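Here's a quick briefing for anyone meeting this structure for the first time. Take a look at the model, then read on.

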Amino acid sequence: MTTAAAPGGGGRSGSGGWGAAAVVAPALILLIAFNVFPLFYNLILSFTSAELGVEGWTWVGTRNYQRVFERPEYSAALRTTALFVFLAVVCELALGFVLALALHRRFAGKTALLTALLIPMMLPPAVMGLYANLLYDGDYGLLNQIISGFGVAPPQWRTDPAWKLTAVLIVDVWMWTPFMLLISLAALGSVPRHLYEAAEVDRASAWMVFRRITIPLCAPLLALAALLRTTDALKQFDIVMAITGPNDQATQTVSALLYQGLFADGKVGRGSAYACVVLVLVIALATVCTRYLDWLARRQGRGA
Amino acid sequence: MASIDIDHLVKVYDNGFKAVKSISLPIRDKEFMVLVGPSGCGKTTTLRMIAGLEDITGGEIRIDTRRINEVEPKDRDIAMVFQNYALYPHMTVFENMAYALKLRGMKRAEIQTKVDETAKMLGLTDHLPKLPKQLSGGQRQRVALGRAIVRKPKVFLFDEPLSNLDAKLRGEMRYELKTLQQKLATTAVYVTHDQIEAMTLGDRITVMSAGEIQQVAAPTVIYDSPYNRFVASFIGTPVMNFLDGTLTGADQPVFKLPGDAAIALAMPERHEFPSFAGKPIVLGIRPEQLSHGGYTALPKGGSTIPMQVTLLEIMGDHQYVYLKRPGFETPIVMKCNAHHRAAVGETIPIHIDTTMSHAFEPGGDQARNLTLPKGFTRQA
């Protein structure tokens with residue numbers, strides 16, 4: 001198998017295969033040690049009674065999976081995550097694209113402005129979360145001082161269950177809108193100018209040009225950005241950890257629940273089962289998304 | 001039905017570059033007008049101002065006597081074919097062609113009929129459900145043409161539509177364009193840097209250079225009676241030969257070359273010659289006005305000069321022979337029958353037919369042609 005894979009290398013002996021294997025080995029060993037092994041180890045653990053700080057474990061069959069499907073917090077975390085991902089990606093995409101439309105022209109200080117907008121994206125989410133805590137503080141926070149200034153009773157961002165998820169969401173949007181802005185700018189810049197001219201001569205109104213030229217031609221890149229953001233937002237943990245902690249019903253995302261179950265409560269078996277369920281869901285979602293992207297790319301002949 | 005009046009048109013870009021310097025050009029109804037010139041001569045800018053894609057700095061453009069300077073492109077009733085086709089990549093051929101009709105609020109059935117009709121005319125019927133990326137370059141250009149034709153506009157604008165195609169396709173599309181133009185009989189403005197396209201397609205040609213009109217005339221007039229040295233050198237392949245020398249003799253004018261050689265001048269228009277007698281002039285001879293003395297008879301009113309062969313380019317039925325002679329700085333090109341044998345290094349007698357050649361004032365591109373009939377105008 002090692003020699004046959006090399007194109008044009010017909011007639012080479014097996015020794016070349018060993019050389020190639022030696023080159024690939026380090027990466028392969030790391031991959032197996034940190035990706036493949038944990039995956040299977042996790043799968044095995046999910047069928048056991050393993051707990052942190054408890055000696056020994058026994059096979060428990062599918063009991064952990066039954067628990068995962070019975071106990072409400074697991075499905076609640078999935079719902080919270082889904083809601084969070086949906087709202088975050090939609091807000092960021094919409095805001096980023098609108099900002100890009102406004103910035104898609106030449107003006108003095110554009111580079112400086114873009115750089116300033118990108119700073120939140122460069123900071124670690126945990127730092128952003130901690131920083132946001134200062135702004136969100138019920139009594140001394142800058143945000144509530146501003147809101148009170150308008151004569152409105154400010155919400156208790158970090159303690160009112162109705163506002164906690166919003167607080168997390170705002171930080172995420174703050175961090176990632178610039179990313180969508182950047183991609184949107186690139187997408188807008190990639191639409192050939194002569195298409196706009198052709199549309200103008202074809203008597204298209206500004207709205208029609210936007211709807212029939214700008215949007216469809218930007219769509220593939222925007223879809224890719226949305227997909228990237230979705231996969232990232234699915235893992236949301238740091239900001240939740242910083243603002244409410246991992247065990248808050250209102251903001252408990254899948255990652256927060258995994259952390260809570262595995263490391264705080266020590267339920268390794270059940271946590272592993274949950275991780276497996278989440279993995280299957282994520283694979284399903286990713287497959288649907290990449291299929292859609294492929295379809296978009298095939299439909300989009302940029303060749304003309 | 002549409003005539004276009006370009007009246008003292010000026011374009012100055014924001015960076016101060018004067019792309020078009022006050023040109024005036026009336027384009028007649030149903031005329032196929034070709035704007036030709038080297039890149040940067042202002043031809044595309046002029047076209048884009050007619051289309052409304054470029055603001056007009058000064059002067060006026062009128063379509064059918066109506067001033068259109070301030071009219072939006074979409075309200076000018078023009079159709080434009082772009083160099084890179086500018087097809088909407090996410091729409092099928094049918095949708096590309098139907099788009100403008102749909103924007104006008106035309107009924108679905110009517111759109112279907114019109115697009116089908118146009119597609120049939122262009123041989124695109126089988127390609128209607130395809131996307132532009134599934135088509136070849138020639139087919140794409142045909143879709144771009146179809147998109148323009150289907151609207152039945154007042155004016156067609158073409159911006160170097162064939163320059164992205166290979167030589168063979170370009171020839172085919174040129175033929176098709178010409179046929180279409182005869183069938184549709186719509187006013188058209190066609191920009192190209194290709195003089196063959198200009199000569200073959202144009203009812204009239206406008207030769208432009210450095211933002212100014214050099215000459216406007218029918219293709220044969222441009223070729224036979226170039227107004228100045230620029231037009232003479234721009235139109236024709238290989239380029240016209242220019243020889244520096246002195247004009248002598250009054251009744252029988254003779255062109256004296258450096259050294260002892262002399263060429264008798266036999267062009268019919270000689271009214272400018274007396275004022276240039278004894279002064280330096282430039283003789284312009286097209287390559288086909290030279291012939292191999294060993295195979296041809298001396299033309300009436302011609303002269304023979306021996307020259308040395310430096311290079312041969314055999315094109316099949318004809319060949320280009322590059323010649324030199326002491327005192328000539330640049331090589332002289334002769335176009336002759338490929339069977340007229342000449343060897344590199346050999347010195348052969350060259351017949352020069354001056355009945356169709358031209359004499360110019362000394363100077364650059366703007367040097368006037370001295371052998372034009374009295375009353376000949378730059379714009380005809």
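Predicted model: local features only at pLDDT ≥ 70, side-chain atom pairs only at ≥ 80, totals over all residues.

Residues are numbered from 1 along each chain as its sequence is written, and chains are lettered from A and ligands numbered from 1 in the order in which they are written.

**Chain B overall**

- The C-alpha trace of chain B spans about 80 × 45 × 35 Å along its principal axes.
- Chain B has eight helices and 20 strands; helices (H or I, at least four residues) and strands (E, at least two) are DSSP runs, numbered from the N terminus.
- Chain B has 380 residues, and 42% of them count as buried, meaning that 20 or more other C-beta atoms, placed from the backbone, lie within 10 Å of the residue's own.
- An automatic or database domain assignment gives the domain bounds: chain B splits into domain 1 (4-232) and domain 2 (239-360).
- The C-alpha centres of those two domains of chain B are 39 Å apart.

**An open sheet in chain B**

- Six strands of chain B line up as E6-E7-E8-E3-E9-E10 in an open sheet with mixed pairing; two strands pair if DSSP finds at least two bridges between them.
- E6 and strand E10 (212-217) of chain B are the edge strands, each pairing on one side only.
- From one strand to the next, the twist averages 15 degrees, with axes being lines fitted to C-alpha atoms and angles running from 0 to 180 degrees between N-to-C directions.

**Side chains on E6**

- In a regular strand, side chains alternate between the two faces of the sheet.
- On E6(B), Ile78(B) and Met80(B) point one way, Ala79(B) and Val81(B) point the other way, and all are buried.

**Where chain B meets chain A**

- The contact involves 24 residues from chain B and 19 residues from chain A, two residues being in contact if their C-beta atoms, placed from the backbone, lie within 7 Å.
- Strand E6 (78-81) and helix H2 (93-103) of chain B each supply at least two residues of the side touching chain A.

Notes: Buried ≥ 20, exposed ≤ 12 C-beta atoms within 10 Å, placed from the backbone.
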